[in-house]
Amino acid sequence: MAPPTPAESENHQLLLDRLDIAAVPRPFRSHTWRPSQRRNKNVKQLISDSSRKEASVMATQANSGMTTPLQPTTSASTDGSVTPAEGNPRTSNIAQAAQNLSTLVLEKNARAMFSSGPAVTYTNVESAPSLHPAQQRRYCDITGLPAAYTDPKTRLRYHDKEIFSVIRTLGQGVPESYLELRAAHVVLK
């Protein structure tokens, strides 16, 4: 391939300049707009805040009363010569009382936040399905595509007429198994 001539390179540069979107005026940006005076957090502050929140959650879980803290003992004697009351009872009772108090406060705060039922998180699969009308999309029982139609005979949902012909050729008992998968089957006794 031959190198471009000066006229070709000039035409190419003119085309690039014409197609450049950086040179297009932007009337949608107001000339009176000013950035907010609120100071944004830097990455170090964001990380420290998130680690502090995680530490508080871990402390809540550790002190939730689900586990019993182990008492440090000086000896593993079972002959009754050493009892937990020996040693300095004042310091151990204060430390234990402080830990119990913090546990009670954390549990009370957790109960206040989650007053009814288990907390629903992204990892909790025991949450109920949404009953919001926008979430009630209907899908084809055969293909999984959005279904606009329902077969009146079998009550199966279908996407188009091609799937409808497949539904009509299904054997006896097959539509009931599809309805059972959707939890829409009726069992007569």
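This is a predicted model: local features need pLDDT of at least 70, side-chain atom pairs count only at pLDDT 80 or more; totals for chains, interfaces and linings use all residues.

1. Residues are numbered from 1 along each chain as its sequence is written, and side-chain values use heavy atoms, leaving out hydrogens and water.

2. The chain has five helices and two strands, in the order α-α-α-β-β-α-α from the N terminus. Here helices are DSSP runs of H or I with at least four residues, and strands are runs of E with at least two.

3. Of the 189 residues, 8% are buried (under 20% relative accessible area with a 1.4 Å probe, protein chains only; exposed is over 50%, partly exposed in between). Among contacts (heavy atoms within 4.5 Å) with a separation of 6 or more, 29% join residues 24 or more positions apart.

4. Please look at Arg157, in strand E2 (residues 157-158). Arg157 is buried yet has no salt bridge (a side-chain nitrogen of Lys or Arg within 4 Å of a carboxyl oxygen of Asp or Glu). The nearest side chain of opposite charge is Asp141, 5.6 Å away; Lys and Arg count as positive, Asp and Glu as negative, while His and the chain ends are not counted. Leaving aside residues up to four places away in sequence, Arg157 touches several residues, including Tyr139, Asp141, Ile167 and Arg182.

5. Arg155 lies in the loop between strand E1 (149-150) and E2. Although not a glycine, Arg155 has a positive phi of about 65°. Why is Arg155 counted as partly exposed? Because its relative accessibility is 39%.
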